[in-house]
Amino acid sequence: AHGDIMSCYTNDIDTLRQMISQSIPQFINSLITVVGTLFSMFILDIPLTFITLAMVAIMIVAAKKIGSQSSKFFLAQQRDLGKLNGCIEEGMTGQKVVKVFCHEPQSLADFDRINDSLYEDSRRAHAYANILGPIINNLGNILYVLIAVVGGVLLLSGVPNVSISRMAFDISMFIPFLNMTKQFTGNVNQFAQQINAIVMGLAGAGRIFDLMDE
C-alpha cells in the first residue's frame, strides 16, 4: 500500500535517524563509563567489586527478559503503523469508489481493527519499556545498601583489603567506592534504556530494507 510506503519514509526513517544520532552514541558512552568505573572499582576493592558484578548479572537478566518482550511489541507497532497509514491512504484516495459501492462500514471496520491492534501493541511495548528503568534503578539501590552494609562490616572487623592497588581498606577508600557503585548502576540503567530505542530503530530499519529489496 502507498500509505505503508510513506510510513517507511516518515516513521521508520525517523526512528532509524534517532537511533543513529542519539541512542547509539549514548549507548557507547554508557558502555565506556561502565568499563572505566569497573576498572577503578577493581583497583580499590576486588571482593566488593564481585558483589557489584553479581547484582549487575541480575540486572542483565531482568533487562533481557523485559527487553525481549518490549522489542517484540515494538516490532509489531512499526508494522501496524504502516498498515494503518496504508488503510487511511487507500480509503482517502479511493473515496469515490468506496461511496459508490457503499463500502464505508467495511472501511471503518478495517480501520478500527488495525487501529486497535496498533494501540494494543504500542501499549504493551511502552509498558514493558517503562517498567525497565524503575526495576534496574531499584536493583541499583539494593546494591548500594548491600555494599554499604558489607563494607561497614569489613571496616569494623579490620579485614585486610584485596585490591590491585593494595591500599588499606579504610573510610577514605570506601566512600569513593560507594560513589562508584552508584555511578556504575546508573550507567547500567542508561545502557538498558537505550536498548529499547535501538530495538525500535532496528524494527524500522528492517522495514526500510524490505522496501528497498522490493
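**The second largest pocket**

Mentor: The lining of the second largest pocket divides into 12 nonpolar residues, with no polar and no charged ones (Ala, Val, Leu, Ile, Met, Phe, Trp, Tyr, Cys and Pro count as nonpolar, Asp, Glu, Lys and Arg as charged, and the others, Gly among them, as polar). The model is predicted, so local features need pLDDT of at least 70 and side-chain atom pairs pLDDT 80 or more, while totals for chains, interfaces and linings use all residues. Residues are numbered from 1 along each chain as its sequence is written, and side-chain values use heavy atoms, without hydrogens or water.

A pocket is an open set of points on a 1 Å grid over the protein atoms alone, where a 1.4 Å probe fits, with protein on both sides within 12 Å along at least five of seven lines, and lining residues have an atom within 4 Å of a point. The volume here, the space filled by probe spheres set on the points, is about 170 Å³.

Leu31, Val34, Val56, Met59, Ile60, Ala63, Ile136, Phe184, Val188, Phe191, Ala192 and Ile195 line this second largest pocket.

For contrast, the largest pocket holds about 330 Å³ of space, and the closest to its centre among its 14 lining residues are Cys87, Gly91, Met92, Ser107 and Leu108. By class, that lining has six nonpolar, four polar and four charged residues.
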